Amino acid sequence: MYSRALPLLKVGVLVSGRGSNLLALLRVQKAGGLGAEIVLVVSNHPGVPALDTSALFGVPASVCDAKTFGGRARAQAEASRLFRERGVELVVLAGYDRILAPAFVSEWEGRVMNIHPSLLPAFGGSLHSQREAVEYGVRVSGCTVHFVTGDVDGGPIIFQAAVPVYQEDDVETLSRRILAQEHELLPLAVRAYADGRLRMRGRRVFVEEG
Ligand code: GRF
């Protein structure tokens, strides 16, 4: 098995629901291929499947919801505090359905990545990108892993994967095809970050071969 000289990068994951990207990350971690350890999962909704997935893998999890904490910014400030407390070095948004408050973005700048189910900048800033892609009639779509900045879905792009869009597609079939790519791409991006192989120049991200 691959062995690293570097200590494992500590990762915090923000989730909101189904958690299939979290599961993909945890599977790669378990197989020893992530170069990182997910030390805390924070959900902004209670009772979601992503929390069951964390429990299944023995990863600590917390719920920071806007209702309990008095608003989105406060809930995210609490998430931030918990990440800091755990020594988190990289925050991954894996199906997180809220925009990050400016304070969170500036605290974690360059250390937050997101997975988005379209080829950005197409169909950014939406929670329905796959539907929009089908309705727009594009022939190619895909997913993007990018660093998070104050510009929603506009941060520097780390990796993209393309999939075809067929005439017969509906939102479910396209979403499924994109999701399979998401599950490959997100762990690769975390791995590249953990290995220190990502270099940012302006808004371009250069990736050294692993
Ligand atoms: C994914 O399509 C992701 O790209 C988007 O939200 C969805 C989350 O899915 N940001 P899951 O919770 O990881 O299954």
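Ala, Val, Leu, Ile, Met, Phe, Trp, Tyr, Cys and Pro are counted here as nonpolar, Asp, Glu, Lys and Arg as charged, and the others, Gly among them, as polar. On this basis the lining of the largest cavity in the predicted model divides into seven nonpolar residues, three polar residues and no charged ones. A search of the whole structure returned one cavity of 30 Å³ or more, and the volume of the largest cavity is about 50 Å³. Its lining consists of Leu14, Val42, Ser43, Asn44, Cys64, Ala75, Gln76, Ala79, Tyr96 and Phe104. Two or more of these residues are given by each of strand E2 (36–43) and helix H4 (72–85). H4 supplies the largest share, three residues.

Gly58 lies in the loop that joins helix H2 (49–56) to strand E3 (61–63). Gly58 has a relative accessible area of 60% and is therefore classed as exposed, the cut-off being over 50%. Between Gly58 and Val39 the C-alpha to C-alpha distance is 9.7 Å, with a separation of 19 residues in sequence.

Helix H7 comprises 24 residues (171–194). At 1.5 Å a residue, H7 should span 34 Å, and this agrees with the separation of its end C-alpha atoms, which is 34 Å. At the start of H7, the backbone nitrogen of Glu172 has a side-chain oxygen of Asp170 within 3.1 Å. After H7 comes Gly196, with a positive phi near 70 degrees.

Notes. Residues are numbered from 1 along each chain as its sequence is written. This is a predicted model: local features need pLDDT of at least 70, side-chain atom pairs count only at pLDDT 80 or more; totals for chains, interfaces and linings use all residues. Side-chain values use heavy atoms; hydrogens and water are left out. Helices (H or I, at least four residues) and strands (E, at least two) are DSSP runs, numbered from the N terminus. The expected span of a helix is 1.5 Å times one less than its number of residues. A polar contact is a pair of N or O atoms within 3.5 Å; within protein, one must be able to donate a hydrogen and the other to accept it, and residues adjacent in sequence count only if both atoms are side-chain atoms. On a 1 Å grid over the protein atoms alone, a cavity is a set of points where a 1.4 Å probe fits but cannot get out, and a pocket is an open set with protein on both sides within 12 Å along at least five of seven lines; lining residues have an atom within 4 Å of a point. Grid points are joined across faces, edges and corners, and a volume is the space filled by probe spheres set on the points. Buried means under 20% relative accessible area, exposed over 50%, partly exposed in between (1.4 Å probe, protein chains only).
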